[in-house]
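Hello,

Here is the structure I promised to pass on. Please open it alongside this note; my findings follow below.

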Amino acid sequence: MRLLLVEDNVVLAEELLSRLQQAGYAVDWLADGRDASIRAHDENYDIAVLDLGLPGRSGLDVLKDWRAAGLPLCVLILTARDSFADRITGLRAGADDYLTKPFHPDELLLRVQSLLRRYHGQNNAPKLVVGAIALDEDRQVVECNGSIEALSGAEFRLLRYFMLNSGRILTRSQLEDHLYDGERERDSNVLEVLVNRLRRKLGREHIQTHRGQGYCFVGTATQRGL
């Protein structure tokens, strides 16, 4: 999943950047509100973690810009402003959640996970489940047909995106957008390699190829891949 972190505290941002990447998110980090206001229009982000006290342009104004433009990304406000009035103002401006500083990084990770699941119509059970497939996001392992398979970081990122969008045909461009952050170079055949690895671990029937369109993930073993 693609995440935009907007935070001007360098120490905090570096800590969160590391934790989020370890949790399987492709993260871009910005420290200026003016940059954030523009960047979200240019990249296909799933979620933003947005500080309110930013240089250049306040986080609240950035959020209003995004919502006025109809951008669909989830937004978690991260701020030291903990008054009831500030919380209501942020939520009314279009935030999906609000976390005040100081906080524990594990809480932020759980809130990000919860927001993404809700956005994609999933519940907040301990594991992400689609049909016969259960993904443990904390351990980055997948359970299928009674067996448990360990996943590489890239396999985990791809499978999580597939499962959150099960039943939808996803183009190569969509999949690559959510595998890589803005700094990583995209290899032309990595996607095919990862899909083949997941098929070997789960069974080919769970990831269907739609020629000329992309891939579709299904959780039930009764459906056959194309």
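Strand S8 (residues 141–144) pairs with S9 in the antiparallel sense, over four bridges. Pairing here requires at least two bridges found by DSSP between the two strands. Strands (E, at least two residues) and helices (H or I, at least four) are DSSP runs, numbered from the N terminus. Within S9, Ile148 is the bridge partner of Glu143.

A note on the source: this is a predicted model, with local features needing pLDDT of at least 70, side-chain atom pairs counted only at pLDDT 80 or more, and totals for chains, interfaces and linings using all residues. Residues are numbered from 1 along each chain as its sequence is written, and side-chain values use heavy atoms, without hydrogens and water.

Now the whole sheet. It is open, has four strands in the order S6-S7-S8-S9, and pairs antiparallel. Strand S6 (128–130) and strand S9 (147–150) are the edges, each pairing on one side only. From one strand to the next, the twist averages 20°. H6 packs on this sheet and touches S6, strand S7 (133–136), S8 and S9. The direction of H6 makes about 130° with that of S7 (axes are lines fitted to C-alpha atoms, for helices over the stretch in contact; angles run from 0 to 180 degrees between N-to-C directions).

Next, the cores. The largest nonpolar core has 49 residues, and Leu108 and Phe162 have the most contacts inside it. Helix H6 (residues 153–164) gives the largest share of this core, seven residues. A core joins buried Ala, Val, Leu, Ile, Met, Phe, Trp, Tyr and Cys residues through side-chain atoms within 4.5 Å; buried means under 20% relative accessible area (1.4 Å probe, protein chains only).

Regards

Methods
Buried means under 20% relative accessible area, exposed over 50%, partly exposed in between (1.4 Å probe, protein chains only). Contact means heavy atoms within 4.5 Å.
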